[in-house]
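Take a look at the sequence and the model first, and then read on.

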Amino acid sequence: MGNEAIALGAIHSNLSVATGYAGTPSTEVMETIIKEVNRMDKINNDNTNDNNNDTTIYVEWSTNEKVALENAIGASYSGANTIVTMKQVGLNVASDPLMSLTYLGTNGALVIVVTDDPTPHSSQTEQDTRHYGSFANVPVFDPCDAQEAYDLTKYAYEISGKYKTPVILRSTTRLSHGYNDVIIDKVTDNEVIERLKTEKSNIGFIKDPKWAIMPKLVSKNHPILEEKQLKIAEDFSNSNFNNITIFNNKNTDNKNNKKNLGIITSGVSYYYTLEALNILKEDKTNDEFQNFLDNYNIEILKISTPYPFPESKVLDFIKNNKKDILVTVEELDSVLEDNTLKLIGKYNSTINNTNNNNLNNIKFYGKYNLFPKCGEYNVDIVKTLLNKIINEDIEFECNNNNNNNNNNNNNNNNYNNYNKNKMGNGENTEQEITLPVRLPTLCAGCMHRIAFYAFKKVAKEFKKQNIETIFSGDIGCYTLGATPPLSATDTCLCMGAGISLATGLSRVNSNTKNIAFIGDSTFFHSGIPAVVNAVYNEADVTIVVLDNETTAMTGHQPHPGTGQKARGNAKVIDIEKVLKSCNVENVQTIDISKFANIEQEEVFNNILKECKSSMEYKGVSAIIFKGDCVTKKIPNSKKSKAKNLKVVIDENLCNSCKLCINEIGCPALRYDSLNNSIELLDSCTNCGLCINICPKGALSKKLVF
Amino acid sequence: MKKCDIIISGVGGQGIVLASRLIATMALRKGYKISTAETIGMSQRGGSVVSNLRLDSYRKGSLIPKGQANVIIGFEPAEAYRYNEYLNKDAKVLLNSNPIYSSSKTPENEIYSKKEVIKIMELFDKNNTLTSCNFNKMALEFGNLKTMNIMMIAIACFNNYLPFSVNELNNTIKEEMPSKIKDINLKAVEFAINNFEKYANINSNNVIKI
Ligand code: SF4
Ligand code: SF4
């Protein structure tokens with residue numbers, strides 16, 4: 001896995017301190033380091049899970065990305081090699097220390113792993129982390145597969161150590177979550193441990209004014225920082241990671257008669273490009289391309305270090321076999337494209353007068369005229385567009401001969417054509433088959449469903465008195481509370497924003513109830529400052545902490561409410577106590593696990609009562625729903641309190657009104673259109689929520705032995 | 001070494017990710033270069049899951065382009081059919097005929113039923129080499145539904161859908177799997193091969209039954 005390769009690359013670069021906050025697709029970097037550390041401690045016969053001894057890499061799941069980075073910075077100032085991991089939106093949280101750090105520089109190497117998520121598969125944004133490079137003057141490394149992720153991580157440590165600068169190792173979903181075979185260094189565990197020992201003996205903070213940021217120091221350091229970028233760009237230009245692949249080199253002798261096509265690409269797009277060209281090459285029915293192959297040289301330049309842009313390398317690439325057509329292929333933003341265009345402009349203005357070698361008549365294709373700016377790429381997209389470029393060029397040649405050249409028009413047409421293609425209309429054959437839609441939804445038996453449903457029900461009562469309820473959600477599993485039929489999320493923005501948004505809403509929406517849902521990990525991440533603000537500024541909101549005692553969405557990482565650290569146990573920080581100490585006076589805790597017992601109705605009515613009273617409370621109130629995440633339990637385990645209780649459906653009582661499905665949307669309930677009946681699927685956890693909904697009493701709990 | 005692009009698709013919780021890792025391990029042992037990608041929905045359970053597995057002697061991106069896949073191992077009929085356009089003309093289809101219905105409230109889900117499953121099987125049978133079998137029933141009779149994934153791999157090897165023999169599969173299980181689950185998996189492989197006929201959906205007269 002790409003993420004595992006990054007982790008191993010870091011460990012083999014004498015890593016001492018690793019911090020991070022979980023976020024898909026970055027999470028496995030930290031998880032791999034933790035696993036490796038645990039394994040090596042076993043070899044060391046050290047089962048203390050003590051994080052601070054000489055032969056152990058210190059690992060930590062921090063409460064948020066800013067905290068993670070600041071911790072690593074402290075360690076780096078002391079000479080330790082460090083890694084910080086997060087997803088792209090996490091870097092926004094950590095951008096404050098990053099922007100300042102770059103002026104001071106580091107001591108031990110500091111590599112920030114940031115994973116982007118084109119499409120996005122599981123993120124709030126499609127932002128491109130490469131921009132942080134030029135924004136913050138931080139070198140960026142952008143590997144194309146797991147092997148390069150391993151090698152480039154080691155190179156990132158080298159550059160960070162050499163130039164005393166923080167660096168960003170950027171990955172994308174396909175790399176982070178893709179698997180390749182990887183050849184790694186032959187380092188034994190003992191060697192790693194020995195190296196770590198020597199490394200750690202040299203670590204120690206040395207006081208120096210250079211570690212304290214002051215306006216004067218910044219203005220002194222800024223020119224040095226800019227200078228550094230030029231040097232690093234030169235290093236990058238000479239590096240083997242930015243390399244050229246010659247795609248068709250037959251008939252090399254009459255090369256001079258041929259025209260030249262250059263493709264500049266990076267990351268997984270490099271492979272998409274190679275494969276797209278290969279498919280076109282093998283497609284003997286594609287005359288245009290075969291023709292093209294005979295008349296053009298195609299060269300591909302892969303850029304694995306997008307910032308500082310390796311200018312000399314790219315310039316050589318353009319000038320060598322002077323390119324007639326240049327194409328940039330990259331996911332998300334036009335970083336390579338912008339830099340190449342900039343370079344061509346710069347080169348033309350300096351060279352133009354002294355020799356005739358100007359680059360004005362290069363045809364350039366990128367995101368401005370052809371490639372999509374949004375979403376993930378794949379071979380099919382790249383193939384279609386390369387084919388288009390080739391066709392256009394052949395057409396252009398013909399048109400040119402006919403003195404009929406309207407290039408602008410051509411480009412516009414292409415873009416329109418592309419958009420049509422992308423819709424994929426007419427591509428699907430045999431659509432007479434109806435495939436099921438598997439919407440993301442809260443798991444069957446998920447405790448969050450009970451909380452959402454209870455508040456929806458109480459909100460209905462308020463509605464009768466003409467009081468509207470606004471639900472603010474947050475980022476985590478419980479974001480799925482937004483999907484119908486629960487639809488209990490009216491706003492959702494970013495980690496920890498639910499409480500502050502609800503507070504803001506409450507200021508300008510009179511006669512409303514404002515509820516903020518937040519998860520336990522998110523509460524610690526950045527919920528607490530919002531609580532303090534709401535209380536201190538006397539807002540009227542209800543905070544609902546959905547506490548399943550884990551960071552469920554990313555795979556059950558610990559947080560300060562769990563009693564666990566990345567390694568070993570810790571003292572729990574109690575959410576109820578935190579809320580109370582922030583002066584939230586009305587705090588209730590509801591134990592959801594009680595819900596699964598036989599006095600269903602009574603328990604549920606109690607929940608409703610609690611919800612109602614906390615919504616009625618003037619000021620900041622809070623309810624904590626505490627329970628287990630169903631995915632944490634071993635499937636089919638009989639651990640549950642209701643171990644002999646099974647939810648059953650009585651087909652004689654059920655009139656197929658579908659109310660149970662329409663109200664809570666539990667994935668364990670299904671309407672069977674063939675038999676006009678309700679089916680209880682295997683995934684039912686017997687949580688019992690649906691029993692409270694059926695007006696006919698068709699759903700009930702039965703004792704089974 | 002002949003390239004083999006494999007799509008494994010199904011529903012979250014069926015063991016797709018593990019199945020694809022096992023095939024990748026066999027490929028590594030044979031000296032293939034591999035790259036795999038898993039696309040998993042936001043919902044951890046009950047969502048569509050697809051794994052792309054590429055075995056080749058060259059490095060490649062992990063996503064299989066349309067019309068290129070040689071084999072699809074479909075853990076669920078609709079989830080297999082979803083990737084129909086990724087199959088090449090000679091692609092082989094191994095299908096678990098046991099449908100998993102989705103409960104999200106959409107008109108499609110109310111329609112998706114046994115009828116649709118039969119249509120899917122007929123289309124696969126017409127256009128591709130299809131082997132289909134109720135692997136859920138098979139695994140349940142064996143006594144452990146969770147071994148369904150290994151049974152599908154066993155049949156894929158047995159029918160020459162994958163470039164590995166049953167022997168190679170057994171050796172990989174023996175040498176690479178944790179001892180706790182080694183035996184049950186080896187037994188599951190044997191059971192699948194011996195009882196395959198019993199659960200097959202297409203009999204010798206080419207009649208589809210499910
Ligand atoms: S008891 Fe009802 S609500 Fe709970 S998991 Fe089963 S079907 Fe879903
Ligand atoms: S709510 Fe009750 S009566 Fe209506 S469909 Fe569900 S089980 Fe049947």
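Predicted model: local features only at pLDDT ≥ 70, side-chain atom pairs only at ≥ 80, totals over all residues.

**Ligand surroundings**

- The size of an interface is often given as the accessible area lost when the parts come together.
- Chain A brings 50 residues to the contact, and chain B brings 53 residues.
- How many salt bridges are counted between chain A and chain B? There are 6.
- One salt bridge joins A:Glu275 to B:Arg54, with the closest N and O atoms 2.4 Å apart.
- Across the interface of chain A and chain B, 14 residue pairs are in polar contact, with both residues at pLDDT 80 or more.
- Five elements of chain A each supply at least two residues of the side that touches chain B: strand 7 (178–180), helix 10 (269–282), helix 14 (379–401), helix 21 (659–664) and strand 19 (669–672).
- Helix 10 of chain A gives the largest share of that side, 4 residues.
- By class, the side of chain A that touches chain B divides into 25 nonpolar, 12 polar and 13 charged residues.

**The sheet in chain A**

- Strands of a sheet pair through backbone hydrogen bonds, either parallel or antiparallel.
- Chain A has an open sheet of 6 strands in the order 2-1-3-4-6-5, and the pairing is parallel.
- Why is one side of strand 2 (58–61) and of strand 5 (140–141) of chain A left without a neighbour in the sheet? Both strands stand at the edges and each has a single partner strand, so one side of each has no neighbour there.
- Strand 4 (residues 110–116) and strand 6 (residues 166–172) of chain A pair in the parallel sense over 7 bridges.
- In strand 6 of chain A, A:Pro166 stands opposite A:Leu110.

**Salt bridges**

- Over all chains, the count comes to 39 salt bridges.
- A:Asp185 and A:Lys154 meet through their side chains in one of them, at 2.6 Å from N to O.
- This pair links distant parts of the chain, 31 residues apart: A:Asp185 is in the loop between strand 7 and helix 8 (189–201) of chain A, while A:Lys154 is in helix 6 (residues 146–163) of chain A.

**Backbone details**

- Most residues other than glycine have a negative phi, and most peptide bonds are trans.
- The peptide bond from A:Thr24 to A:Pro25 is cis, with omega near 5°, and A:Pro25 sits in the loop between strand 1 (17–20) and helix 2 (28–43) of chain A.
- The peptide bond from A:Tyr307 to A:Pro308 is also cis, with omega near -15°, and A:Pro308 lies in the loop between strand 10 (296–302) and helix 12 (311–319) of chain A.
- A:Thr119 is not a glycine, yet its phi is positive at about 120°; A:Thr119 is placed in the loop between strand 4 and helix 5 (130–136) of chain A.

Note on methods:
Residues numbered from 1 in each chain as written. Chains lettered and ligands numbered in written order. Heavy atoms only, no water. Contact = heavy atoms within 4.5 Å. Salt bridge = Lys/Arg side-chain N within 4 Å of Asp/Glu carboxyl O. Polar contact = N/O pair within 3.5 Å; in protein donor to acceptor, adjacent residues only side chain to side chain. Nonpolar A, V, L, I, M, F, W, Y, C, P; charged D, E, K, R; others polar. Pairing = 2+ DSSP bridges.
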